[in-house]
Amino acid sequence: MANIWKKMTRSTILFIVLFIVVYAAALTFVSPNFLTAYNVGIIFKQMSFFGVVALGQTLVLIIAGIDLSIGSIACLGGIFFALFMTQTEMNPVLAIVLVLIICAAIGYINGLIITKLRLTPFIVTLAISEICSGFVLVITKGSTIQGITGKVLILGQGMLGVVPVPVIIFAALCLLLTYVLRFTPFGRELFAIGGNAAAARLVGIQVEKTKRLVYLLSGAFAGFGGIMIACRYNSGQPTIGDSWVMSSITAAVIGGTSMSGGVGSAVGTFVGALLMQLLNNSIVVLNVSQYWESVMTGGVVLVAVIIDAVRTMFRNKS
């Protein structure tokens, strides 16, 4: 039994999965409304929207960076998509491509400023976040842009059998990112940069160029998350993404991604996002005041950071 526990504690993902199973079993015992097809579907669907954004955050954390602008970029992407779909006769595919280009460009600007001026990612991405939030208010004047229609809504509302399409998209992106991180030179470069950027330069890795590409990808993931949530609500809402920064960081860190860089996985982020949404859903199921959601989120963030610090300490000792 001791050996089993030792192996479990070595694997963050397995440990979190075990916790999810135990916690879900306890919720099922306390509330029969928890383990229903509808509620389980809600959990997986809701986690998929910020989960897609968290995948971009995972890439940034692996290279020892951080992106505080992803929530605002996602919101801006959703607003642009809503405008394209309601104010023009643009093809939905073209609208998606344009939004991804815009959001990727914003992410690239993040990376460009960080690498060229050697500024702290925290400050740069925070400033870009404020700029994007400001543009959202300038464009919308604080009002929701409604009226998105058509088959494109499948991205946020569709079902494939009993499985929500957003969940399929999130899972597919996780698998794709897992392949990239584990089996491609680009993935290996990210871990090398996060582990030791100076050593990575010595072996010929173009560290600054790769960092800019990572922030570009983070912006693209955020933009796609914004498109998905706009399709979910048939509208572009100026408040969407407000909590996604904390959720994305927490999901990644809970899933084993280190804030110190050099360690992380897409599968871990998937599991972390599931745990985050499960905790939020339990507040609703147990009829607890919604005001406790912020308390719980902050507590989970704190625990995740502590766990990450402990993991880093043990890695440095070994």
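Is Cys132 buried or exposed, and what is its relative accessible area? Cys132 is buried, with a relative accessible area of 3%. Here buried means under 20% relative accessible area, exposed means over 50%, and partly exposed lies in between (1.4 Å probe, protein chains only).

The views below show a predicted model, in which local features need pLDDT of at least 70 and side-chain atom pairs count only at pLDDT 80 or more, while totals for chains, interfaces and linings use all residues. Residues are numbered from 1 along each chain as its sequence is written, and side-chain values use heavy atoms, with hydrogens and water left out.

**View 1. Cysteines without disulfides.**
A search of the whole structure finds zero disulfides (a disulfide is a pair of cysteine sulfur atoms within 2.5 Å). The cysteine sulfur closest to that of Cys132 belongs to Cys103 and is 7.9 Å away, so the two are too far apart for a bond. Cys174 is in no disulfide either, and the nearest cysteine sulfur, in Cys231, is 19 Å away. Cys174 is buried, at 4% relative accessible area.

**View 2**
The structure holds two salt bridges. A salt bridge is a side-chain nitrogen of Lys or Arg within 4 Å of a carboxyl oxygen of Asp or Glu. In one, the side chains of Glu208 and Arg118 meet at 3.8 Å, N to O. This pair links distant parts of the chain, with Glu208 in helix α11 and Arg118 in the loop between α5 and α6, 90 residues apart. Helices (H or I, at least four residues) and strands (E, at least two) are DSSP runs, numbered from the N terminus. Glu208 also forms a salt bridge with Arg201, where the closest N and O atoms are 2.6 Å apart. Glu208 is partly exposed, with a relative accessible area of 21%, and Arg201 is partly exposed at 37%. Arg118 counts as exposed, at 63%.

Most residues other than glycine have a negative phi. Which phi does Ala64 have, although it is not a glycine? Ala64 has a positive phi of about 70°. Ala64 lies in the loop between α3 and α4 (70–87) and is partly exposed, with a relative accessible area of 41%. Arg118 is not a glycine but has a positive phi of about 55°. The loop that holds Arg118 runs between α5 (92–116) and α6 (121–140).

**View 2. The largest pocket.**
The largest pocket has a volume of about 590 Å³. Rolling a probe the size of a water molecule over the atoms shows where empty space is left. On a 1 Å grid over the protein atoms alone, a pocket is an open set of points where a 1.4 Å probe fits, with protein on both sides within 12 Å along at least five of seven lines. Grid points are joined across faces, edges and corners, and a volume is the space filled by probe spheres set on the points. How many residues line the largest pocket? The lining has 22 residues, and Ser243, Trp244, Ser247, Asn280 and Glu293 lie nearest the centre of the pocket. A lining residue has an atom within 4 Å of a point. The elements that give two or more residues to this lining are α3 (37–62), α11 (207–233), α12 (244–254), α13 and α14.

**View 3. A nonpolar surface patch.**
Phe29, Val30, Leu286, Val288, Trp292 and Val295 make a nonpolar surface patch of about 640 Å². The elements that give two or more residues to this patch are α2 (12–30) and α14 (292–317). Patch residues have over 30% relative accessible area and no salt bridge, and nonpolar side chains (Val, Leu, Ile, Met, Phe, Trp, Tyr) are joined within 5 Å. Accessible areas come from the Shrake-Rupley method with a 1.4 Å probe; for residues, only the protein chains shown count as cover. Val288 sits in the loop between α13 (266–285) and α14, and is partly exposed at 35% relative accessible area.

**View 4. Two buried helix residues.**
Gly272 lies in helix α13 and is buried, at 0% relative accessibility. The C-alpha atoms of Gly272 and Val17 are separated by 9.0 Å, although the residues are 255 apart along the chain. Leu177 is found in helix α8 (residues 165–183) and counts as buried, at 7% relative accessibility. Between the C-alpha atoms of Leu177 and Ile101, 76 residues apart along the chain, the separation is 19 Å.

Notes
Patch = residues over 30% accessible without salt bridge, like charges linked within 9 Å, V, L, I, M, F, W, Y side chains within 5 Å.
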